[in-house]
Amino acid sequence: MSRLARYRRELRDRWLAVRLGLAGRQHQYGEIVALRRFITHFGIDCVIDVGANAGQYATMLRRDVGFGGTILSFEPNPTVFAALEDTARRDPRWHVHNIALSDRDGKASFNIMAADQFSSLNAPDAGLEPIFAERNRVARSVRVPCARLETILPDLPGARDAGAILLKMDTQGHDAVVMAGAAGVLGRMSGVQTELAVRPLYEGATDYRAMIALLADAGFVPNAMFVNNKGHFPLLVELDGLFVRAALARDGNVPLV
């Protein structure tokens, strides 16, 4: 990279920090900078957004990261999906699906929590602290369609012919199960972004050490880690991890340390 290009990138990153700080989103700085570099370096042209909620992640990709490729968002909550669908309607390269990704095809019971961003196929852990207990409380459960990613990927426009795919998972304790249902197509993924639970909030959730080990077994190595919430204090609850396929890191002369 030339000196001028580095100077421009530094100015862009500093302006991003100011803009996020003014909006109270400073905790997203590390994620956005990491995704900018990852998407550019590895030529990502399709992002599979599992656990889309109302479209916050995809909106961040467009507005802050500058990603212009295909986004395929999956959100099983029927109420939240209506807002997601309305937002994505204005973007011809953003496709939304009212379905849960899991390790089986069929239907499943989905827990809608008091705060909808906590909703999950998993039940809340019984030992939650008061700060989480009220928000991560099951308000109602609904039956939703579910599918394995390996089943539906061949029929997804935008993913079928993609050159480089990033699989993002934010399924509230269910990411490892989504990975199991994607086993047959993980080889097509250039990268994976996942929640890493330091203090699991859901029954049966995979903790961060086990999740990193699962990704390593699937051929992925860490690229970046960042907190996913500005409220983690004094103890860390969750991280987001960005992982790259090890072979791509070697091909790009990125040291594996």
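These legends describe close-up views of a predicted model.

**View A. The span annotated in UniProt, residues 49–221.** The UniProt record, an unreviewed entry, places the feature "domain: Methyltransferase FkbM" at residues 49–221. In the predicted model, the end C-alpha atoms of this span lie 20 Å apart. Its secondary structure is 27% helix and 27% strand.

**View B. The contact of helices H2 and H3.** Two packed helices are described by the angle between their axes and the distance between the axes. Here the axes of H2 (residues 29–41) and H3 come within 10 Å and cross at roughly 75°. Angles of 65 to 115 degrees count as roughly perpendicular, and H2 and H3 are therefore roughly perpendicular to each other. From H2, the residues in contact are Glu31, Ile32, Leu35, Arg36 and Ile39. They meet Tyr57, Met60, Leu61, Asp64 and Val65 of H3. By class, this contact has 7 nonpolar and 3 charged residues, with no polar ones.

**View C. Asn53 in the loop between strand S1 and helix H3.** The loop holding Asn53 runs between S1 (46–50) and H3 (56–65). Asn53 is not a glycine, yet has a positive phi of about 50°. Its relative accessibility is 12%; because buried means under 20%, Asn53 counts as buried.

**View D. Gln172 in the loop between strand S7 and helix H7.** Gln172 is found between S7 (165–169) and H7 (175–181). Although Gln172 is not a glycine, its phi is positive, at about 55°. With 9% relative accessibility, Gln172 counts as buried.

Technical notes. Residues numbered from 1 in each chain as written. Predicted model: local features only at pLDDT ≥ 70, side-chain atom pairs only at ≥ 80, totals over all residues. Heavy atoms only, no water. Helix = DSSP H or I, 4+ residues; strand = E, 2+ residues; numbered from the N terminus. Buried < 20%, exposed > 50% of the residue type's maximum accessible area, 1.4 Å probe, protein only. UniProt positions renumbered as here; feature names shortened; annotations may be inferred. Axes fitted to C-alpha atoms, helices over the stretch in contact; angles between N-to-C directions. Parallel < 35°, antiparallel > 145°, perpendicular 65-115°, else oblique. Contact = heavy atoms within 4.5 Å. Nonpolar A, V, L, I, M, F, W, Y, C, P; charged D, E, K, R; others polar.
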